[in-house]
Amino acid sequence: MLQGDFIKHIQNNLLQKEGIESRNISIRSVAGGDINAAYRIQTPARSFFIKTNDGARSEEMFEQEAMGLRTLVKGSEFRVPCPLMHGKWQSKAYLVLEWIAIQRLGNEEAFGEYLASMHQT
């Protein structure tokens, strides 16, 4: 579970970078990864997805993931979560993304083909 000082760090960054001024947030663990802890941060204004990891190269891993997601956001016809911020606090690296409510409304075959084509270039 996320510790109080880490939560304050994320709150301050959300305020500075996203203009989310709220001390009234809820954080709950969600499914979302094998090597990272995943959480949903909910504020009265909006929700966020945060991944954390204490591994030695986790900050670099999240930086690379954020770069890849930015590329996908620009060039995709599919909804891709926008990376909002990443960094490290003490030993914990983190990546904050916009929260996307997942629904199965779309052409999953087309998405699979698109994703496969992204890995061939």
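## Phe 78 and its contacts

Phe 78 is in contact with Asn 107, Ala 110, Phe 111 and Tyr 114, leaving aside residues up to four places away in sequence. Contact here means heavy atoms within 4.5 Å. Phe 78 sits in the loop between H2 and E4. Helices (H or I, at least four residues) and strands (E, at least two) are DSSP runs, numbered from the N terminus. Phe 78 and Ala 110 are 32 residues apart along the chain, and their C-alpha atoms are separated by 9.7 Å.

## Basis of the model

This is a predicted model: local features need pLDDT of at least 70, side-chain atom pairs count only at pLDDT 80 or more, and totals for chains, interfaces and linings use all residues. Residues are numbered from 1 along each chain as its sequence is written, and side-chain values use heavy atoms, with hydrogens and water left out.

## Overall fold

The protein chain has 3 helices and 5 strands. Their order from the N terminus is α-β-β-β-α-β-β-α. The radius of gyration of the protein chain is 15 Å, close to the 14 Å that the globule rule gives for 121 residues, so the chain is as compact as a globular protein of that length. That radius is taken over C-alpha atoms, and the rule is 2.2 Å times the number of residues to the power 0.38. Along the principal axes, the C-alpha atoms fill a box of roughly 45 × 35 × 25 Å.

Consider contacts in the protein chain between residues at least 6 apart in sequence: 46% of them join residues at least 24 apart.

## Surface and charge

Of the 121 residues, 35% count as buried. Buried means under 20% relative accessible area, exposed over 50%, and partly exposed in between (1.4 Å probe, protein chains only). The accessible surface of the protein chain comes to about 7900 Å². Carbon and sulfur atoms hold 49% of that surface. Accessible areas come from the Shrake-Rupley method with a 1.4 Å probe; for residues, only the protein chains shown count as cover.

The protein chain has 14 positive and 14 negative charges, and their mean positions are 7 Å apart. Lys and Arg count as positive and Asp and Glu as negative, while His and the chain ends are not counted. Each charge is placed at NZ of Lys, CZ of Arg, CG of Asp or CD of Glu.

## Glu 98 in strand E5

Glu 98 belongs to strand E5. Its relative accessibility is 15%, so Glu 98 counts as buried. The side chains of Glu 98 and Arg 79 form a polar contact of 3.0 Å. Such a contact is a pair of N or O atoms within 3.5 Å; within protein, one must be able to donate a hydrogen and the other to accept it, and residues adjacent in sequence count only if both atoms are side-chain atoms. The Glu 98 side chain also reaches the backbone nitrogen of Cys 82 at 2.9 Å.

Not counting residues up to four places away in sequence, Glu 98 touches Arg 46, Ser 47, Phe 49, Arg 79, Val 80, Pro 81, Cys 82 and Leu 84.

## Ser 58 in helix H2

Ser 58 is part of helix H2 (residues 58-75). Relative accessibility is 3% for Ser 58, so this residue counts as buried. A polar atom of the Ser 58 side chain lies 2.7 Å from the backbone oxygen of Gly 55. Beyond residues up to four places away in sequence, Ser 58 touches Asn 53 and Ala 93.

Ala 37 lies in strand E2 (residues 37-42). With a relative accessible area of 28%, Ala 37 is partly exposed. Ala 37 touches Ile 50, Lys 51 and Thr 52, not counting residues up to four places away in sequence. Ala 37 and Ser 47 are 10 residues apart along the chain, with their C-alpha atoms separated by 17 Å.

Ala 101 and Ser 47 are 54 residues apart in sequence and 9.7 Å apart in space, C-alpha to C-alpha. Ala 101 is found in the loop between E5 and helix H3 (108-118). The relative accessible area of Ala 101 is 54%, so Ala 101 is exposed.

## Gln 90 in a loop

Gln 90 is in the loop between strand E4 (83-89) and strand E5 (92-98). Gln 90 is not a glycine, yet has a positive phi of about 55°. Gln 90 counts as exposed, at 62% relative accessibility.
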